[in-house]
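Q: Could you take me through a close look at one part of this protein? I am new to reading structures, so please go step by step.

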Amino acid sequence: MKLVPEKRTFRLEPASIDIVSEDASAFLRSLKVQRKNIIETRLTIEDMLLDYMEHFGSDAEFTYIRNNFLGKPYITITVEGDPFNPLEKDDNDEFGNWSSALIQNADFTPSYTFDRGVNSVTMRFSKKGINPIFKLLIAIVAAVLFSMLRFVIPGEVITLIEENVLDSFYNAFLGLMKTVEMPLVFLSVTCGIIGIGDSAVFGKIGRKMVLRFITVILFFTFISGIVFSMLFTKIIGYHGAEFSLKVGIDMLLDLIPESLIDPLTSGNTMQVVVMAVFIGVSVVILGSRSKTIASIINEGNRIIVYITSVISKLLPFFIFIVILDMIWSDNVKMFISMWKPIAAFVVTLIVLFTLMLIYVSSREGVKAKVLVKKMLPTFLIGLGTASSVAANGECSDSLARTMGANKRFVEFGQPVGGVIFMPSTAINFMVCSIYFAAYYKIDVSMLWFIIAVLVCTFVAVATPPVPGGALAAYTVIFAQLGIPSEAVALVVTLDILFDFVATAFDGSFLQLELIRQADENKMLNYDILRK
């Protein structure tokens with residue numbers, strides 16, 4: 001099935017719903033989407049249209065649009081009439097619903113809008129592209145082949161190419177990322193605060209779940225930071241002295257920006273986060289009186305996320321430039337030495353995961369090997385594809401079917417956790433920050449360490465799971481911690497390897513955390529879990 005535009009109008013009746021559901025399934029199969037994700041998407045569309053039919057009646061009509069915008073496939077369903085969001089659940093629902101801005105940028109997650117008498121629900125998808133590992137290998141091989149030119153081209157010509165071509169493209173690419181990095185963090189955090197604080201979106205359990213996710217990430221990042229500091233450097237007192245009350249007060253006061261624009265122009269990540277939290281909380285407090293501002297922020301977030309994903313398409317070319325420049329500059333040793341943070345990252349993840357596995361298994365009375373067997377399919381999909389979207393279907397299915405978590409709990413927790421709960425990603429940022437701080441001989445003071453933990457945690461939470469998100473995150477984190485920008489080039493080159501491991505472990509950490517939370521909310525079937 002080719003990706004050709006499709007726009008048809010149907011009556012809201014069962015026969016039409018079947019036609020649209022089947023067409024959507026065929027559309028996703030043509031994109032080579034995982035079967036479980038196709039089934040979930042089809043069920044979502046069917047439930048949504050049935051809700052529309054119940055609300056507007058079988059005499060009403062709906063428009064089904066299947067198209068792609070700049071290579072991004074999507075499905076949109078529109079219905080004219082009064083405002084009605086089929087994604088919303090009962091107002092008394094303790095969880096919340098899918099209308100949160102926190103998850104609307106994720107693939108397969110439906111987003112609702114109402115404009116000029118038209119209800120619209122849109123679901124965006126990703127085509128199955130080339131495996132990132134192959135892209136990395138192609139970039140490396142191409143760089144090695146081009147590096148051979150120095151044996152047939154005079155040295156002054158090589159220098160001319162380095163200074164006027166490679167450096168220019170390198171700076172242009174980093175400039176693009178710096179253009180979007182601060183708006184990306186600001187809008188993501190603001191949308192998150194608005195989503196968490198909106199009682200119409202997040203119920204009691206939903207808000208508790210999100211806050212728990214952030215707390216666990218913060219704890220894991222702190223513990224791993226201590227380990228990485230012991231491996232690569234050491235934490236010293238503030239400018240050689242012990243961390244004092246005055247230092248703590250100064251650090252807190254430094255979080256207050258001088259103006260609304262200053263944090264965005266100066267690149268102070270923590271001030272951007274503080275400003276985003278302040279504005280997000282203000283919007284929540286004002287409620288319906290700030291509805292227009294909330295809508296603008298949400299739309300702005302979607303735009304900046306899309307721009308980031310477009311820029312990321314240049315990443316293989318950027319990697320090619322970085323590696324070629326390193327070879328011509330005889331600076332390959334630094335590239336090779338990157339095995340150290342990768343090894344530290346993997347070992348730390350294994351240890352933390354093992355400890356969490358033991359804790360959950362003993363708490364729930366289930367053998368650890370039984371849990372591992374049930375989580376293994378999700379882990380392998382994440383490890384093999386580096387795509388959380390590809391693993392989502394298996395993750396949610398195994399939680400409900402083989403681990404005994406309440407289906408409604410999983411339907412809400414898995415999509416939200418898939419966007420927010422990224423402990424492995426935060427640990428990834430932390431190991432790179434400490435390793436490069438040690439390499440560039442930056443003093444890791446107590447103050448520096450605290451800021452690093454906070455920045456890595458909140459950037460991991462704020463960065464949307466889209467191509468290019470990690471690159472923007474590294475740029476933000478390194479700028480805040482005083483790490484030279486050339487470190488971004490090195491870490492981005494190997495971020496593909498980090499991403500495969502982080503995606504696999506993030507899915508498994510999420511399953512363990514949701515099992516734990518399901519138990520606390522009395523939504524866990526122990527017989528299924530222990531089987």
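This is a predicted model: local features need pLDDT of at least 70, side-chain atom pairs count only at pLDDT 80 or more; totals for chains, interfaces and linings use all residues.

Which residues does V20 touch, not counting residues up to four places away in sequence?

A: V20 touches F10, I45, L49, F62 and Y64, leaving aside residues up to four places away in sequence. To find V20 itself, look at helix α1, which covers residues 14-30. V20 counts as buried because its relative accessibility is 1%, and buried means under 20%. Now pick out I45, one of the residues that V20 touches. V20 and I45 are 25 residues apart along the chain, and their C-alpha atoms are separated by 8.4 Å.

Helix α10 is mostly covered, with 11 of its 14 residues buried. Among them are L315, F318, I323 and W328.

Finally, here is a contrast with buried V20. K441 sits in the loop between α16 and α17, and K441 counts as exposed because its relative accessibility is 72%. Its phi is near 55°, a positive value in a residue other than glycine. Most residues other than glycine have a negative phi. K522, in the loop between α19 and α20, also has a phi near 55°. K522 counts as exposed too, at 78% relative accessibility.

Methods
Residues are numbered from 1 along each chain as its sequence is written. Side-chain values use heavy atoms; hydrogens and water are left out. Buried means under 20% relative accessible area, exposed over 50%, partly exposed in between (1.4 Å probe, protein chains only). Helices (H or I, at least four residues) and strands (E, at least two) are DSSP runs, numbered from the N terminus. Contact means heavy atoms within 4.5 Å.
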